[in-house]
Amino acid sequence: MTRRIRFNAFDMNCVAHQSPGLWRHPDDQSHRYKELGYWTELAQLLERGRFDGIFIADVLGTYDVYGGNDIAALRQGAQIPVADPLLLVSAMAAVTEHLGFGITTGTGFEHPYPFARRLSTLDHLTKGRLGWNVVTGYLPSAARNFGAADQLDHDERYNQADEYLEVLYKLWEGSWEDDAVVRDAAAGVYVDPAKVHHIGHRGTHYTVPGIHLSEPSPQRTPVIYQAGASPRGVRFAAENAEAIFIAGPSKRVLAQTVSRIRDALEAAGRSRDAARVYALATIVTDATDEAARRKHEEYLSYASVEGGLVFMSGWMGIDLSRYDLDDPIGQVESNAIRSAVAAFQEFDDDGREWTVRDIGKWAGIGGMGPVFVGSGETVADLLQEWAAETDLDGFNLAYAITPGTFEDIVRHVVPVLTARGAYAPEYTPGTLRNALFGAGDRLPADHRGASYRLGGTGSTAVPDAVSRPGATVEANS
């Protein structure tokens, strides 16, 4: 049986996203990120290509590790200026019927109570096509602008995120019964008070005694996305995520990561395929291999080495401006840098030693993932090969230029994969969760969040001595 491949589009409410410098290309329209028309047109294009969804990244700080300030990030437009991703969803949903929306927000910068209502609202307005990418943050500049000296320690950020999710699951899954809204005009009752329950959460980081402000949305809990790669991040993903984004430059690296994720899912009491796993990649394609290679060379001529180093410094936590561009990578004092570059060097046949300049070029188009270049047939071959050898479900596709990269994929790659039976010929109707798994709209029983449903194991109903008669309070687990 031919293995199916799934696509997400990877974008951000900013200029150039993962391809610093490409905003200078005459065909790039990322400067239109401030216009609703850019987003609605992109959403319609992606739906024509039957993408699972558009995944919109976000940061709440600047990349200021490079040079110890944000000057280079500003000069290069390296994810600054950047606007809010959540406000884009309603407009894109209004012009599409099936496309999903994965929105990134951090658990460290907003209280879960208003956030729960915001996502429920979007799940209602999209008719259940909403996903949430859970991030714990990685830019110290964001923490400083929220009044902290620095971020919490890595694992403690995940501990806080665990409780953040607990509060949300209680609100989304355990506050309102399915039939709480009765709209009984004759009796003058819109909501049956006995079927709405206070959650009574008292934890280390949050105290949330009351009810969820929104009635149950189509999915109740939006589809949970996650991209943590550390051991703690993988454990968090295994307990919560339904779609997991990973990045790696080679099949070997990706296969190891996918295997580790599927082992962790199993250890968390879920099936090995309980989460869809997508790898970051960028596709440069055209009618022929030669035309695609020429296009790739043209894109490379616009890519910014400095912009790439701004991103790499932020991702790796080391100031690469302290090194000469032609310094060998072995002189860079970062095991993370060396291990990542060693993986990328698997693509090189000449065994040369990479330099700091090479790192900047490497991050110049598409960030930390591979770039597949060729005709639709050639790229389809590569995608099928990588998916088969790594056990990936699909690819989270960044762009070189927008919307041109996505237009090329829809024009050249999607038809080839579809003809081979490797790409869905039509959407699965319904919510995003049902489209991804074909098993209904709500969280499956083996998901952590399902235990917080009324009567579930994650919370126990106890008498509510301080609220209205008949109400219950869910005790903290």
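Analyst: Let's start with aspartate 391, which counts as partly exposed because its relative accessibility is 32%. The scale runs like this: buried is under 20% relative accessible area, exposed is over 50%, and partly exposed is in between, with a 1.4 Å probe and protein chains only. Bear in mind that this is a predicted model, so local features need pLDDT of at least 70 and side-chain atom pairs count only at pLDDT 80 or more, while totals for chains, interfaces and linings use all residues. Residues are numbered from 1 along each chain as its sequence is written, and side-chain values use heavy atoms, with hydrogens and water left out.

Aspartate 391 forms a salt bridge with arginine 3, and their closest N and O atoms are 2.8 Å apart. This pair ties together distant parts of the chain, 388 residues apart: aspartate 391 is in the loop between α13 (376-390) and β13 (394-398), and arginine 3 is in the segment before β1. Those helix and strand labels are DSSP runs numbered from the N terminus (helices are H or I with at least four residues, strands E with at least two). Arginine 3 comes out at 33% relative accessibility, so it counts as partly exposed. For the pairing itself, the rule is a side-chain nitrogen of Lys or Arg within 4 Å of a carboxyl oxygen of Asp or Glu, and by that rule the count comes to 28 salt bridges.

Now for aspartate 393. Its side chain meets that of arginine 262 in a salt bridge, 3.1 Å from N to O. Here too distant parts of the chain are linked, 131 residues apart, with arginine 262 in helix α8 (residues 251-267) and aspartate 393 in the loop between α13 and β13. Arginine 262 and aspartate 393 are buried. Aspartate 393 also meets arginine 276 in a salt bridge, at 3.8 Å from N to O. That link brings in strand β11 (residues 276-286), where arginine 276 sits 117 residues apart from aspartate 393. Arginine 276 is buried, as is aspartate 393. Put together, Arg3, Arg262, Arg276, Asp391 and Asp393 are linked in a network of salt bridges.

Leaving out residues up to four places away in sequence, tyrosine 158 touches Thr136, Gln226, Gly228, Ser230, Arg232, Gly233 and Phe236, where contact means heavy atoms within 4.5 Å. One of these, threonine 136, is 22 residues away along the chain, and the two C-alpha atoms are separated by 6.6 Å.

Helix α1 is another spot to look at. Its buried residues are Tyr38, Trp39, Thr40, Leu42, Ala43, Leu45, Leu46 and Glu47. They pack against β1 (6-12), β2 (53-57), α3 (89-94) and α14 (404-419). Following α1 comes arginine 50, with a positive phi near 55°.
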